[in-house]
Amino acid sequence: MMGPGWYLRRLSRMGPAEVVGRARHAVVQRQWRTALPTPPDWPSHPRFTAALPEGVLGKVSGEAVKRLLVTADELMAGRAEFFGVVRSDFAAPDWFLDPKTGRRAPSDVYAFDVPYRSEDTVGDIKQIWEPSRHQHLTVLAAAYAVTGSSAYAERVAAHLRSWWAENPPLRGPHWVSGIELGIRLLSWVWTRRLLDGWAGVSALFEDNPDFQLQLWHHQNWLSTLRSHGSSANNHVIAEDAGLLAAACAFGWFPESAGWRASAMRSLDVQLGRNTFGSGLNAELASEYHGLVLELGLAAAVEADAAGTPVPDTTWDVLLRMTDALASIVDNRLRPPRQGDADDGFGLIVDGLETDRWASLLASGEVLFGRLDWWPPVPGDDVRTPLLASLASRTPRASGVRPGRRPAHLRDAGMTILRSGRIWARCDGGPHGFLSIAAHAHADALSLEVRHDGVDVLADPGTFCYHGEPQWRSYFRSTLGHNTLELAGRDQSVSGGPFLWTRHAVTKVLAVETPPSGPSRWTAAHDGYAPAVHRRTVELDGDVLRIVDEVLGDPGQATARLAFHLGPSVTVMLDGSTARLRWPAALDPAAGMFEPTAADAPGSAAGGASDAPASDAPGSAAGVTDPLVGRVSGSLPTAGGTVRAVLELPAGLTWTVHRGETDPPLGWYSAGFGRKEPSTTLIGSGSPGRLTTLLRFS
């Protein structure tokens with residue numbers, strides 16, 4: 001639970017209008033405690049008219065169907081995974097159980113009395129909330145739609161009836177957070193749409209008093225308690241998207257027209273506020289860019305299909321977001337790992353093995369058209385043809401689109417340097433969004449480097465939000481990123497797990513990204529005032545040069561320069577030289593390793609200089625001992641390998657860290673709730689001019 005100090009810090013980040021708005025919300029919540037709002041009479045014969053056009057399911061590729069059914073059949077067997085925790089009880093889930101801690105949230109408590117931030121009381125609230133977004137039901141409904149098998153539909157019906165019975169309005173943890181209600185409504189819209197044709201669908205939805213009650217209360221909640229002020233980030237987008245979609249697809253209440261209009265207005269405004277002119281999401285958290293784009297597209301096409309006018313400004317934002325995504329992904333269509341990430345999706349109708357980012361770009365290509373500089377995008381997902389079929393009448397956005405691939409997105413402070421298979425992200429942007437910068441990390445001037453999609457210098461990720469403060473602090477800390485820490489403190493000051501009370505100010509000083517030849521980037525930040533940290537990065541062919549300088553008077557402060565290696569990278573450190581090896585990326589088309597020059601017999605990269613690493617005792621693949629001699633990580637023994645040399649500043653003392661817990665250091669989180677040991681190199685000493693070279697073989 002948050003203490004009084006947190007509430008005071010949180011209050012200090014609010015303006016007068018937000019304080020008044022929150023006071024109004026508190027009054028409403030007190031009123032609802034004793035007297036639930038009363039829904040109007042249900043229309044006598046409601047009809048669902050938002051079905052998919054005839055024949056659209058036939059446009060879904062066979063590969064997409066295959067992936068979908070693999071996931072759906074796992075769900076039918078009662079198996080599901082949420083944030084690294086596998087559940088085998090999903091044939092008939094307990095909607096209040098946190099399987100990670102074994103705790104069960106109170107189900108018969110007034111919603112706004114549930115202490116959802118206390119893991120000791122309710123468990124990990126993310127584990128409890130996620131299944132109740134009902135996105136597994138859209139997967140099962142999609143499986144019904146492409147196969148006609150009623151077993152999928154019957155399982156959906158059983159889960160919905162169970163959830164509606166056990167979660168009466170405003171009781172328990174599932175009525176606390178607006179983003180959960182918004183995404184759940186969007187799932188219900190698509191579940192109803194995909195079950196169209198099943199004999200029991202009307203009895204489950206339009207003729208069901210339980211659904212009628214839930215539907216009205218969800219929409220009334222969202223229209224009354226919309227997020228605002230310093231909380232108007234991705235949460236308000238989800239709230240507006242869910243309210244708009246439901247009011248369009250289930251427009252059966254006297255309030256429906258008003259809900260549609262207000263949600264469309266708010267969504268248009270909030271999409272604009274949450275998006276830079278360059279098209280990047282203003283939270284500067286890459287996964288939230290995906291979440292907001294998914295929500296925005298789903299809501300816009302829903303409104304369009306229902307005949308609700310969608311402002312040109314909404315389409316223009318979604319177009320810019322799509323082009324921005326195309327501009328920043330690497331050659332494997334992976335976006336940066338910047339800021340927080342909690343594996344949140346707006347709409348899921350695909351199998352787990354369908355690539356989220358390729359699917360988003362495929363949808364953008366169909367809706368807006370691809371540009372010549374876009375990367376190739378496989379168009380074999382379920383979602384794209386379904387969304388496109390609803391948006392057939394949509395006028396194309398009229399915004400000006402970039403004629404060449406943007407490398408520097410100035411307003412977001414993100415610069416992408418490229419050379420062949422090398423991709424490098426340089427961070428010179430603002431510290432998050434709005435006054436609390438909820439999903440920001442203290443990562444000014446951080447660097448992320450990949451080779452053919454493989455993390456070499458990695459952003460370690462997020463791992464957790466609530467319940468594990470030591471890990472939350474580590475993954476958002478300055479030391480937890482590829483940048484320089486001074487005097488043992490973060491560049492920005494944290495006031496809580498989703499609150500920053502002082503934001504470092506970063507300025508990009510110079511960018512050169514010519515079509516060919518060396519690319520350069522220079523930026524600085526004031527997080528260590530009066531000292532200033534300035535970094536220059538240059539990518540020239542296969543060589544990346546990093547120069548760090550501390551300007552001004554740092555006093556006697558010690559600097560620590562961190563380089564976090566990806567989990568597949570093996571490191572052999574010899575003084576200030578680190579030799580890196582990792583398995584070559586798989587060719588997704590051929591399903592084999594792509595050959596590299598380093599694998600050729602007698603190649604220089606495979607010469608005697610690397611022999612000690614491969615001969616080190618205990619260094620074979622699969623060994624879990626984090627450090628054996630000077631080798632960190634497990635050396636690949638089969639398939640192709642890629643090599644690089646990291647020449648570190650000799651003026652610092654370098655140490656290797658892997659999988660340490662007290663304090664945490666040397667970890668990589670591939671997704672929310674999951675972490676694995678990886679190697680971190682830390683150089684400690686006096687700040688000055690520090691030069692690092694990364695040479696790829």
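In this tour, a residue is called buried when its relative accessible area is under 20%, exposed when over 50%, and partly exposed in between (1.4 Å probe, protein chains only). The model is predicted: local features need pLDDT of at least 70, side-chain atom pairs count only at pLDDT 80 or more, and totals for chains, interfaces and linings use all residues. Residues are numbered from 1 along each chain as its sequence is written, and side-chain values use heavy atoms, with hydrogens and water left out.

**First stop: a loop.** Select Leu 333, which lies in the loop between H14 and H15. Helices (H or I, at least four residues) and strands (E, at least two) are DSSP runs, numbered from the N terminus. Leu 333 is not a glycine, yet its phi is positive, about 65 degrees. With 8% relative accessibility, Leu 333 counts as buried. Next, select Asp 343, found in the loop between H14 and H15. Asp 343 is likewise not a glycine and has a positive phi of about 60 degrees; its relative accessibility of 17% makes it buried.

**Second stop: helix H15.** Select residues 356-368, the 13 residues of H15. From first C-alpha to last, H15 reaches 18 Å, close to the 18 Å expected at 1.5 Å a residue; the expected span is 1.5 Å times one less than the number of residues. Eleven of the 13 residues of H15 are buried, among them Trp 357, Leu 360 and Phe 368. Display H13 (286-305), H14 (312-328) and H16 (383-390) as well, for the buried residues of H15 pack against these helices. Gly 369 follows H15 and has a positive phi, near 90 degrees.

Select Ala 529 and Pro 530, which are joined by a cis peptide bond with omega about 10 degrees. Pro 530 is in the loop between strand E12 (519-525) and strand E13 (532-540). Then move to Asp 662 and Pro 663, where another cis peptide bond has omega about 0 degrees. Pro 663 is in the loop between strand E24 (660-661) and strand E25 (664-665).

**Last stop: a sheet.** Four strands form an open sheet in the order E8-E15-E28-E23, with antiparallel pairing. Strands E8 (484-486) and E23 (653-658) are at the edges, each with a single partner strand, so one side of each has no neighbour in the sheet. Two strands pair if DSSP finds at least two bridges between them. E23 and E28 (residues 679-685) pair over six bridges; select Trp 654 to find its bridge partner in E28, Gly 683.

How values were computed. Contact means heavy atoms within 4.5 Å.
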